[in-house]
Amino acid sequence: MSTYLTTHSSHASESGARKALRVSAALLLVIVLVPLFCLNSLAALICFKAPLRRQTWIDVSAQPVSLFGWQVGVFKRSAVLLNVVSGRIRFVGNPLLRDGVSMPRVARLHSPCGQPGLFDCLWLHSLTGLSADKPLALLHAQHNQSLFADILLVFKVILCLGLYRKSASTPSSSELFGIPFSNTRMQAAVDWVVKGSAETGTQGCQSAYYINVNSVNLSAGNAQLYQVLQNSDRNFIDGSGMRIAARKAGMNLADNNNGTDMLPGLCQAAAANQRSLFLLGAQPGVAHKAAANLCQQYPGLRIAGVHHGYFDDDDQVVDCINQSGADIVLVALGSPRQELWIDNNKHKLQAQCALAVGGLFDFFSGNIARAPMWMRELGLEWVWRLIQEPKAKFNRYVLGNPIFLFRVYVLQQALRGL
C-alpha cells in the first residue's frame with residue numbers, strides 16, 4: 001500500500017445523466033419505502049423523539065459527511081436516501097470509513113471521486129477479502145467507470161453483503177472445523193512466510209497451508225490430513241466458502257489469503273529480503289515456465305531451483321531442494337498429497353518455510369487464465385475454474401460445495417469441528 005503520496009485530480013462535477021438517474025432512483029426508493037418511513041416516524045413520536053437525526057461520517061479524504069438516520073424503527077439507515085435526493089451523497093462515490101476496509105495511508109489525499117458515496121470499490125473488496133494493495137488505483141478506476149459499471153458495483157456490494165456481511169468479532173486467530181488459522185492481512189501473511197522464522201529464531205522448516213472448502217471436505221474423510229492441518233505452523237483461510245462458514249461461526253475474516261493473490265507480494269518481499277524460492281510440482285516444464293515468468297516480472301527475484309511433481313523418491317527431491325539453498329519451498333502437488341508431503345519431509349528440509357500452493361504454477365506459467373475481476377469480487381472464482389476444467393473440477397465444486405454447505409448449516413461443523 002502506498003504511503004505518504006499525494007494525488008492531484010480535479011473533482012469533476014456529476015453529469016446530467018448521472019444526476020437524473022441518481023435523483024430518480026432515490027425518489028423511487030423513497031416512494032417504495034413510504035410505509036416504512038411512516039411507521040418509523042410514528043414510532044419516534046410515540047417515544048417522544050424527533051424522527052430523524054444527523055450522523056456524521058468521515059470519507060477517505062477526511063471530509064465530514066452528515067447523513068440522516070431514523071431515531072426509532074427498522075432499517076434506520078434508509079433515511080440516507082433523502083441525502084441522496086438532495087445531492088449530499090451519491091450512490092457510488094468516495095468511500096466512507098468503515099471497520100475492516102483497507103484505506104489508503106496517504107497524506108493530503110485528494111480523492112479522484114468528487115463526492116462521498118453509499119457504495120464504493122474498497123468496500124466491495126473488503127467484503128470478499130480481496131487485498132487492496134493499490135487502493136488509489138481502484139478509486140481512479142471507479143471514478144472513470146461508466147454509469148453501467150456504477151450500477152453493477154451497487155448490485156455487487158448488495159449481493160456480497162447478503163453472502164459475506166461481517167459480524168462484530170475479528171479475531172487475530174481462531175478455529176473453523178477444528179482447524180486453527182491465522183486471520184491476517186495479506187501483507188502480514190507474506191511477512192511471516194518471508195521472514196517469520198528468521199525473526200522469531202524458530203529452528204527447522206515451518207509448514208504453512210491454505211484452508212479452503214476442498215481442504216475441509218478432504219479432511220472429513222482423511223484423518224491424517226486433518227491432523228496435519230491441525231498441527232501446522234500456520235494456516236491461511238482461502239475462498240468465499242470459508243467466509244460463509246466464518247460468518248456462520250460469528251467471526252470476520254481479514255483478507256482472502258489465497259496463494260495466487262499472495263505470490264506477487266511474496267516475490268517482491270523475497271527479492272527485497274534476499275530470499276530464494278524453489279518451485280516443486282505440476283507437470284514437467286510448467287514450473288520452469290512459471291519460474292521464468294516470475295523472474296521477468298519481479299527483477300531481483302532468485303529462483304533457486306524447480307522440479308516437476310511426478311516423482312516417487314522423496315529423498316532425492318529433498319536433496320535437490322537442500323542443495324539449491326532455497327529459503328522458501330512452494331509445493332504444488334495438489335491436495336492432500338502436498339500437505340502430507342510437507343509434513344513428512346519438513347524435518348529434512350533446510351529451507352525456512354514450505355508452503356502448499358495447489359495449482360499455482362499453472363496460473364503463473366500462463367497455462368490457465370485467472371477469473372475476471374468481477375467474478376473474483378463476488379467470490380465466484382471457483383465457477384471460472386469449473387468452466388475451464390469441468391471434468392477435473394466436477395467432484396470438487398459441483399459435489400463438494402453442497403456437501404460443504406451441509407456441514408456448515410446442518411451439521412454445524414464450522415463451530416464444533418469435523
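Leu330 stands opposite Leu355 in β12. This is a predicted model, in which local features need pLDDT of at least 70, side-chain atom pairs count only at pLDDT 80 or more, and totals for chains, interfaces and linings use all residues. Residues are numbered from 1 along each chain as its sequence is written, and side-chain values use heavy atoms, with hydrogens and water left out.

Strand β11 (residues 328–332) pairs with strand β12 (residues 353–356) in the parallel sense, over four bridges. Strands and helices here are DSSP runs, numbered from the N terminus (helices H or I, at least four residues; strands E, at least two), and two strands pair if DSSP finds at least two bridges between them. Both strands belong to an open sheet of six with parallel pairing, in the order β8-β7-β12-β11-β9-β10. Its edge strands, β8 (234–237) and β10 (302–307), each pair on one side only. From one strand to the next the twist averages 20 degrees.

Helix α14 (residues 337–345) lies across β7 (206–211), β9, β11 and β12, at about 165 degrees to β12. Axes are lines fitted to C-alpha atoms, for helices over the stretch in contact, and angles run from 0 to 180 degrees between N-to-C directions; contact means heavy atoms within 4.5 Å.

Helix α12 (residues 286–297) has buried residues Val286, Ala287, Ala290, Ala291 and Leu294, where buried means under 20% relative accessible area, exposed over 50% and partly exposed in between (1.4 Å probe, protein chains only). These residues are on the same side of α12 because they cover an arc of only 130 degrees around the axis, the arc being that of the directions from the helix axis to the C-beta atoms. An α-helix has 3.6 residues a turn, so residues three or four places apart point the same way. The face turned away from the buried side of α12 carries the exposed residues His288 and Gln296. The cover over the buried residues of α12 includes α11 (259–272), β9, β10 and α15 (360–364).

Elsewhere, strand β1 (residues 52–58) runs antiparallel to β2, joined by seven bridges. Leu52 has Trp70 in β2 as its bridge partner. The two strands form a hairpin with five residues between them, and Ala62 in the turn has a positive phi of about 65 degrees. Strand β2 (residues 64–70) is largely enclosed by the rest of the structure, because five of its seven residues are buried.
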